Amino acid sequence: MSPSPPAVLWAPLPSCSCCLGGTGISQSVDPCYSYTALNNDWRSTDNTNNNNCDVYANFQGWYRLFLRNSNARIPERCIDSNRCGTTLPLWMREPHPTLPGETVTRTVCTNYYGTCCWYSHTIQVKLCHGDYYVYKLGNPVYCNSAYCAGIWARAGKFA
């Protein structure tokens with residue numbers, strides 16, 4: 001009598017949002033190549049109109065910021081109220097990542113008329129090869145709050 005084959009234990013694969021050819025094998029998608037472009041010039045730190053709000057934006061996934069079709073990023077300094085096309089501008093309290101491929105969690109603050117971090121929440125930021133950033137944004141709690149964007153010059157200052 002021949003020995004019986006070993007028992008094969010199996011479990012259903014967890015559902016995945018991106019599977020290879022229906023095989024159930026999960027594939028990681030790099031957000032540097034799979035993002036939504038936010039190309040809203042009203043997000044500029046120079047914009048003093050204030051009627052925009054990201055509360056109902058329903059952010060899902062990763063986003064890359066552009067201003068006038070140029071790479072942009074969330075400022076790392078307190079932005080005055082009534083800038084960035086909103087009353088309560090959102091800015092990032094800690095620095096952007098510096099190593100290509102690095103992903104970090106950062107605090108985003110809302111400036112409320114001189115109280116630079118009146119409300120805060122966290123987002124994720126990744127530095128992509130090619131010298132641009134992508135962001136996993138969260139919806140702010142208060143209207144009129146919106147993410148700011150500035151064009152970043154290589155010298156380390158906003159243009």
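User: Okay, so contact means heavy atoms within 4.5 Å. With that in hand, which residues does serine 44 touch?

Analyst: Leaving out residues up to four places away in sequence, serine 44 touches Leu67, Arg68, Cys84 and Ala149. Keep in mind that this is a predicted model.

User: Where is serine 44 placed?

Analyst: Serine 44 is in the loop between β1 (36-38) and β2.

User: And is it buried or exposed?

Analyst: Serine 44 counts as buried because its relative accessibility is 6%, and the cut-off for buried is under 20%.

User: Let's zoom out. How many helices and strands are there in the chain?

Analyst: The protein chain has zero helices and eight strands. Read from the N terminus, every element is therefore a β in the run β-β-β-β-β-β-β-β.

User: What share of the residues is buried?

Analyst: Buried residues make up 37% of the 159 residues in the protein chain.

User: What can you tell me about the largest nonpolar core?

Analyst: The largest nonpolar core has 19 residues, and the ones touching the most other members are Ile74, Ile123, Tyr135, Leu137 and Tyr147. At least two residues of this core come from each of β2 (63-67), β4, β5, β6 and β7.

User: You mentioned β5. How many of its residues are buried?

Analyst: Strand β5 covers residues 103-112, and seven of its 10 residues are buried.

User: Which strands does β5 pair with?

Analyst: One partner is β4 (residues 88-92), which runs antiparallel to β5 and is joined to it by three bridges. Leucine 90, for instance, has threonine 110 in β5 as its bridge partner. Strand β6 (residues 115-128) also pairs with β5 in the antiparallel sense, over nine bridges. There, valine 104 has valine 125 in β6 as its bridge partner.

User: New topic: tyrosine 132. Which strand is it in?

Analyst: Tyrosine 132 is in strand β7 (residues 132-136). With a relative accessibility of 9%, tyrosine 132 counts as buried.

User: What does its side chain reach?

Analyst: The side chain of tyrosine 132 reaches the backbone oxygen of cysteine 32 at 2.6 Å. Among the residues that tyrosine 132 touches, not counting those up to four places away in sequence, are Cys32, Tyr33, Arg64 and Lys126.

User: How far apart are tyrosine 132 and arginine 73?

Analyst: Their C-alpha atoms are separated by 8.1 Å, while the two residues are 59 apart along the chain.

Key
Residues numbered from 1 in each chain as written. Predicted model: local features only at pLDDT ≥ 70, side-chain atom pairs only at ≥ 80, totals over all residues. Heavy atoms only, no water. Buried < 20%, exposed > 50% of the residue type's maximum accessible area, 1.4 Å probe, protein only. Helix = DSSP H or I, 4+ residues; strand = E, 2+ residues; numbered from the N terminus. Pairing = 2+ DSSP bridges. Polar contact = N/O pair within 3.5 Å; in protein donor to acceptor, adjacent residues only side chain to side chain. Core = buried A, V, L, I, M, F, W, Y, C linked by side-chain atoms within 4.5 Å.
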